[in-house]
Structures are given as C-alpha cells and as structure tokens.
Amino acid sequence: MSGHEHEHMPLKTYFIIYGALLCLTVVTVGVSVIGLPSTLSIVVAMCVAAVKGVLVATWFMHLKYDRKFNVFIFVASFWFMAVFFIFTMTDISSRGDILAVTGNFEQRMDAAVASQAFEAASGDMSPEELGQMLYSGKGCVGCHSLDGTKRVGPTFKGLYGREEVMTDGTKLTVDDAYIKESILQPQAKIVEGYAPLMQELDVSEDEIAALTTYIKTLK
Amino acid sequence: MSPQTANTYAHPEGDLTPEVNYINATKGIKSWLLTLDHKRIGIMYLGTILSFFLVGGLIAMGIRAELFTPEGDLFTAATYNKMFTLHGAIMVFLVLVPAIPASIGNFILPLMLGQKDVAFPKLNLASFWIYIFGAGFLVFTLINGGVDTGWTFYTPYSSDHASGSVVLTLTGAFILGFSSILTGLNFIVTIHKMRAPGQTWRKLPLMLWALYATSVIQVLATPVIAITLFLLIFERILQIGIFDPSMGGDPVLFQHFFWFYSHPVVYVMVLPAFGVISETISVHSRKHIFGYMAIAGSSVTIAAVGFLIWGHHMFLSGQSELQGAIFSFLTFGVAVPTAIKNFSWIATLWKGSIRWNTVMFYTLGFIWIFLIGGLTGLFLATMATDVHLHDTYFVVAHFHYVMMGGTLFALITAIHHWWPKMTGKMFNETIGKITFWLAFIGYNLTFFPQFVAGTQGMPRRYHQYVPEFEVWMQASTIGSFIFGLSLFIMLGYLIHSLFKGVKAPHNPWGAVSLEWETATPPIEHNFHGLPVCTKGPYDFDEIEEVA
Amino acid sequence: MNANEGGAAANADRNPYLAHHFMDKFQQDDAVKMGMWLFLVQELLFFGGLFMAYISMRFYYPETFLQEAMAHLDWRLGAINTIALLTSSLTMALAVRAAQQGKQKQLVPLLAVTAVLAVVFMGIKYFEYSHKIHDGLMPGIFYAGESLSAVEAVNHAPQIFFSVYFMMTGVHGLHVLIGIGLIGYLMWRATKGELNEDNYSFVDNVGLYWHLVDLIWIFLFPLLYLVK
C-alpha cells in the first residue's frame, strides 16, 4: 500500500476544522441577524457556506491527502452544475427581452397588413377614417383606450392638447410633434404612472399624420 | 481466412483446450441470474434489450400500419398517442441507453483491458436487476392501459391532464436511471484502475475511450433526470407547482431539467456506437486507425460539449432568444468532433485491405446513415429553419437516423463483430450480406421519405394526415416492414449459427486488441494469468509478419 | 465471490479482503475510493436539480421566499441542526481514523455518537415538519396556510416556497435516514471485529457519504432559514 493512505491527519487538525466550522456557522447566523441588504446577504451567506464546504471536503473528506484525480472529479461536478444553473438562469432572466423591443411576429405582420390597407385606401377615405383604421390595425387599441379608461398606456380620449406630467417630472402639452416622437421613439418620454412598454413600430409619415388627425377628433 | 495469432495467455497447453468456457462452466438458471461474471451479465443484458427492442419494434410496426392511409382507421387517436409514447419510452430508456454499453460493453470491456472482471462485479449485477425492476414498471404500464404523454413527459400536460399510469412510467424511468449511473461508474473505475500492464491510455482501444466518455455522461447527467422525474412524480401527486403554471411554476423550466439529461443521453446512445465503428473499420480494413488521438479526444470532447447544447430542443418553447442563440452556436460546435471521427474513418479505409464481409457492410452502412442523421441535425440547430421544421416528420426522421440508424446499426455491427467471441460460432456470411442489403434499403426507405414529408409540413404525433403526404407515408410503411423482416432474418441466422454454425477460431478477424487473445468463447476468468499489453490495439503489421 | 475456481489454486495466501479480480489490495482500495467519489458526484448533481428549482423559484418569487421563510422557519432550530450535523461529521471523521488505525475500542462509540446526532437531527426535523403540517403550510394544492384569492395564490405563491422547502429538506432527510441505516450496519460489522486497518474501505466510504450529507445541509441552512 502506498504512502498516502497512511498519512494520518493529527487529531488536533480535526478539532481545529470543527472549531472553524462552528465559528463560520455563528458568522453566517450573525450576518443574517444584522440584516444586510438582500443581495449582499445571500452573497455573504453563500461565500461562508462555500468556505465551510471546502473545509469539510479538504480535511474531513481527506481530499488533501487523496489522489489529484478524485479532487478533479469532485471539482468538475461543480462545473457541470454551474453550466446547468447559468444557462437556465440566462434563459429565465432574459425571456421575452427581444419581444419587448421588436414586438412579436404576429404584431409585426398585423402592422404590415395595416400599412398595405392604408395605402390601398388612402385615396378613398378621409384622414380621420384612415387614422381609425390604423388605430386598430397597428395595434394601438391594445393599450390605449378611447373611452378614458387607463390601460397599459394613456387613453387617447382628449389626449390632444392635454397637459401631461412625465416620469422625470417635466410637464408638456400634447401636440403633433409629441405624438410623432411618441410613435417613433416610444421610450423617449414616458407619462408619469406608466411603464416604458411600448414597442417601436414601422409607421410612415403619412400614417402618423392620419393617426394625429384621428386623435384630434377624440374629445 | 485469417492468421492465428500466437496465443500465450489462453492456451498454455497448446490447442488441446478443454471445452470449459464461461457458458458451460456452471449450470442451472441460478448460475446465470445471480452470476457476477461480466460476460454472463452482458449476455443477459443483450437478451433483455433485444426482447424490449422487439416489443418497441412491434409497436412501431403498428404505428406505421396506422399511417399507411391518411384516415385514422386502425387505431383511435387515444390508442395512437399511447403507442408512440410507449414506443419512445421503451426504445429510449430500455433499449438505446443501455444498448451498447450494458450489453456489448459489459462483455468486452474487461476482456479488452486484460482483466478478470469489472471493478465492482456485485454492483454490475445489481445494476442489471435494477434495470429489470425499472423495466417491470414500464411493462406494467403497458399492460395497465398505457400512458399518453409522449416520452418527454412535458408539463403541464403530464402533471395535470394526461390520463393513464403516468406515475408508474415516471417511477420506472427513475429507477432505470440508477442502473445507468451504476454501469457508468463501474466502467470509469475499471478503465482507470484496471488496465493490463503496458496498456497506457494511448494503447486503449477506441471502443474503451468511447465507453469512458459515455460513462462520464451517465454519471453526470443521469442524476439530473432522476431528480426531474422525482419532482414530476410529486408534481403529479401533490401538484407542488414548480413546473405547473397553474400553480405558479414554470413549464419551460421542466424542459431545461429534462433536456439537461436528455440531450447528453443522445451521446450515451451514440458514443459507444462510434467506438464500435472505430474498432470494426480498422480491424476489417486491416489498417491502423487513422487519427487515433483525434478520435479518442473527440469522444471526450463530444461528451463535454454535449452538456452545453440542450436548449436546441427548446427553440420554440418560449425560451429566451439570447439563450437560444447561445445554444444554437454551441450546437454547431458539436459538428466538429463528429466530423473529425467521420473523416478519420474514411481515411482509415484509404489503402486498407478491406474485407467485404457482413461486419464491414454494416460499418459502412452506419457511416452513411449517421452522415445523413448528423447533417440534417444542422438544419435543426439553426434557429430560423427550426421554426419551420420543429415537431415535423423532419425531426422524426433526423432522430431516427442518429439514434436508431446510429445506435442500432452499430449494435448490429457489434453483435456480428463479437459474435464469434461471445458464442464461439461463426454465422453465415452470405445470408448476412444479403440481410444487410435488405436492412439498409428497408431502413432508408422507412426514414428518408419522412424528411420530405417533414419539410412539406407534416406534423409528428398525428394519427391522421392530409392525403398529400400519403405517398411518403406509404413508402415509409413499406420500408419499415422490409426493415422489420430483415431483423427477423438476422435473428434467424444468428440463432441457427448457435446450433449449426462453424466453430469459430480464436481470432477470426485477425484483430490485435486483447479480447481476441483469449479463448473463444472466453474461459470464466477471461485469461490464464495476466496478459501484458505490448502493442497498440491497431498494430496489424506485426500480425502479418507472424502469419 | 467467484474465487472458488480451481484454476488459480495458489491464492491461499491472498488477503481475505481482496476480491479475486484485483491484483493487490492497493488497486482494490484505489478503485473503491474512486468509485465512491463518482457516486458522490452523482449525488451532487441529483441535489443540483433541487438547487436549480430553488434558484429559479426564488428568482420568480423573491418576496415570497423572504416573507415565508422569515415567518415560518425558525433559524434557531436550523442552527441546532447545523451544529448537530457538523458535530456528527467530526465524530464520523474520527471514526474513520479509528478504523484506519485499528482502534476497535474507539470505533463503535464514535459511530454511536454519530448515529445519535443524526437521530437528533431527524427528531428536530420531525418536530418542524409536524408543526408546518399542523399549520397547513404544505406544498402545492395542499397548502392551507392563509386564505388567498386565486390571483394572490398565483402572484404570491406561498405554496411554491413550501414545495421547494419540503422537496429539498425531504430529499436531504431521506439521505440522513439512509446514513443512519449505514452507520448502524457499520456498528454491527464493527462489533464483529470485521472493520480494521486491513479492511476499512467501507467505513471510509460511509464517512464520505456522511460528509456529503453534511455539506449539502451547509448550503440548505442559509438558503432556507437565513434569507432576509
């Protein structure tokens, strides 16, 4: 039998490790009682737990005296666990991010169909009627009501000429320029009390003009 | 036909060998069922696996028969759902996962290492009985009215809505996982700690490198499916809600859990197949394998990278596009080591002295089929094309090409290659070759039309379909019956060879790896004394000189 | 084992603890040790799934985890259990050492202390569980803690916290129970004098298993009891 099996750890070492483990338990409980901010507290708790784990693995489980390959096996398993955690959490935490920016496929198809209908009908219909068509076709209807109800976005009823308070505290009166900016750069100015959820859609100058005309009629 | 090698270990008294081998060393059913001999355990595994393959295959025949016409005339939709579920569950958990490692692997691994047994013979036997126990649950499910979740058990269908013995099936698969883990553990330790003197890692047969990589996946991935199924059992009974959206859980999380195992397990099925092919292509073209280290390294690389790509099964699950793109990119990475293997095999053939026998036919058949299976995988790994192809017959054809065409063809190759060693008898080459053509044509006729139907938009798992697909489905059904017939013929001539076959010489193929150094069939303890490994497993030139 | 074969008769002076297919005891011990580490690795990945469930559910319901854990889990009981397991880990390590050095008289008492501490751990667990079940703090549909509207049940989801809690501590508790059984078996073998300096692999392996159970609890304790 080769040497490494018979290298007995001195008895003292066992008790030192045990003492350290108890101290770290006190530390981790203590940190929790102090009440650090949530994120910091979990980081500290996990670091302390990791140190305790290393102590148990290295001395109680004799990894310090074991073959290097057994150490490798043990450490490698954490790598595979990390892959599992990191990839899954990347998915869970970024799910839907792209949809929030671009709109989903169906929404974009509807918007394109609405544009075609707009062009086809632009000779025959009045700007108000065209605007009304776009209001449903481009999907505005999903978030902006016509009857004053507060939905995901502000209502269109009486919107034109209304004074709105923005999230940064400034006030402004809704006019042609603001409506145009809100359609083309939805995140630029957000009305107080609403979330920045609107997507950038493909809307032409003519379509914006028609929509603005329509909004003006909604008193 | 082949030169007899100088045989130092098996026959100290010359060729007047007593007929005591592992098959007739002890008698009685108990001496088999409770044996600790890896060879007998391997044979028992092989018998059981082939029996379940027959069950799963008959269900597949039923599915193909139903799909012969566009109408759902043979079975009801509910029965059809249960059929494809059980076909999938039986084929994956009971056949493909243990197919090569537990049967052929068990038989030849210690022989290739020049050892008397695997490191833990009792664990090996335990693993077999755990397999039987788990299989019992699945068989009971089959009798008890079946289950209709699909073999993937996706939530919330499996947790809330599915009828039938879902819990029983899950328990069966859970138990089978432990059999797989213990086999893997046993093999890793055996390869690490028990090699013949002189057998360095660079003299290890490539079959063992492949089994080693397989075992690593079995040990690392299988526990995750175990906990997944465990949680799903509780999800079904208690509705704990981790995977169930109606209780606040996340069904896509289940898919992450499931595919973290179930993608690597594809490599559990196919890596041993690569190992078999690396052996047979070298032995039967009587030439040193091309790119030994490249093939060995690619096995390990595939095992490692195989853990990073599970999300390509989930492109349309609502998974984040960012993570989807990462998975897609890494999936393409797996093509590299796989291609290295393919090129190395073909380079091995180059200027080799190829023996056109049954084993070689199946080897080349494997390469052809796996090539198609692998290349069609690239279409599915591309996020944009996967939108079109997901859940169509293209996917069905793809995974049958890699899993069934890959693993099963390699299993057949392995059975033929090691048949003389296992049984001591030679099978009939002529009928073997004819059967190969029947199997090869039948196989391709079954699955190639499914690619076409899939690209045209035929969805999988439907028991009725629109008449436009009829021609493809009929070709597929006819092909499947030809393929099934060829497998029965194969069973026939192999069994015939047991009784009427020519007695096999010790080394019919003139191979140089250690398993051919012992008697055929091997004696109970494999070798008299300990063999010493002096040359690499593919150094054929030296044999030529001896001859 | 199969060593009764007639072929190799010269094995009379072989170590009785050496299986027939190993060359020597060193190879056997080495193989057994590696096998055990691989087993521990699969245990870790098994628990890895539970930790994954914890991480994702905490990500979805951060407030729930804070509130429920604070309101219903007593960190003092968790701390006592932590100390019980750490101490049992120490006595187990000492028992392995005693077996390696052939100190039979120390071995059985050390194993006994380990087993008693494990029983203490399970006793406290039983107390905690019965308390929660009494309060209706159950996983999934069996949750009956506070009356919640359907919307609250989905948004706040206290049942999810208790699902995670019971699954994690339950699977861990099951491992403790198996550990108690193994330690009991070791004691039985030790009293027959079968575990000594020539044959301590089994003690060593149960020790490794036991330390792993401890190691997992080291992470479970802060994750479940100390979240703030």
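**View 1. Contact between chain C and chain B in the predicted model.** The contact draws 34 residues from chain C and 38 residues from chain B. On the side of chain C that touches chain B, helix H1 (25-60) and helix H6 (158-191) of chain C each supply at least two residues. H1(C) gives the largest share of that side, 18 residues.

**View 2. Residue classes on the side of chain C that touches chain B.** Nonpolar residues number 19 here. Another 13 are polar. Charged residues number 2.

**View 3. Secondary structure of chain A.** Chain A holds 8 helices and 2 strands. Along the sequence, their order is α-α-α-α-α-α-β-β-α-α. The radius of gyration of chain A is 31 Å, well over the 17 Å that the globule rule gives for 219 residues, so chain A is more spread out than a compact globule. Its C-alpha trace spans about 95 × 40 × 25 Å along the principal axes.

**View 4. The two domains assigned in chain A.** Domain 1 covers 3-95 of chain A. Domain 2 covers 102-217 of chain A. Taken over C-alpha atoms, the centres of domain 1 and domain 2 of chain A are 55 Å apart.

**View 5. Burial and contacts within chain A.** Of its 219 residues, 23% count as buried. Contacts in chain A between residues at least 6 apart in sequence were also sorted by separation. Among these, 54% join residues at least 24 apart.

Note on methods
Residues numbered from 1 in each chain as written. Chains lettered and ligands numbered in written order. Predicted model: local features only at pLDDT ≥ 70, side-chain atom pairs only at ≥ 80, totals over all residues. Domains from an automatic or database assignment. Contact = placed C-beta atoms within 7 Å. Helix = DSSP H or I, 4+ residues; strand = E, 2+ residues; numbered from the N terminus. Nonpolar A, V, L, I, M, F, W, Y, C, P; charged D, E, K, R; others polar. Rg over C-alpha atoms; globule rule 2.2 N^0.38 Å. Buried ≥ 20, exposed ≤ 12 C-beta atoms within 10 Å, placed from the backbone.
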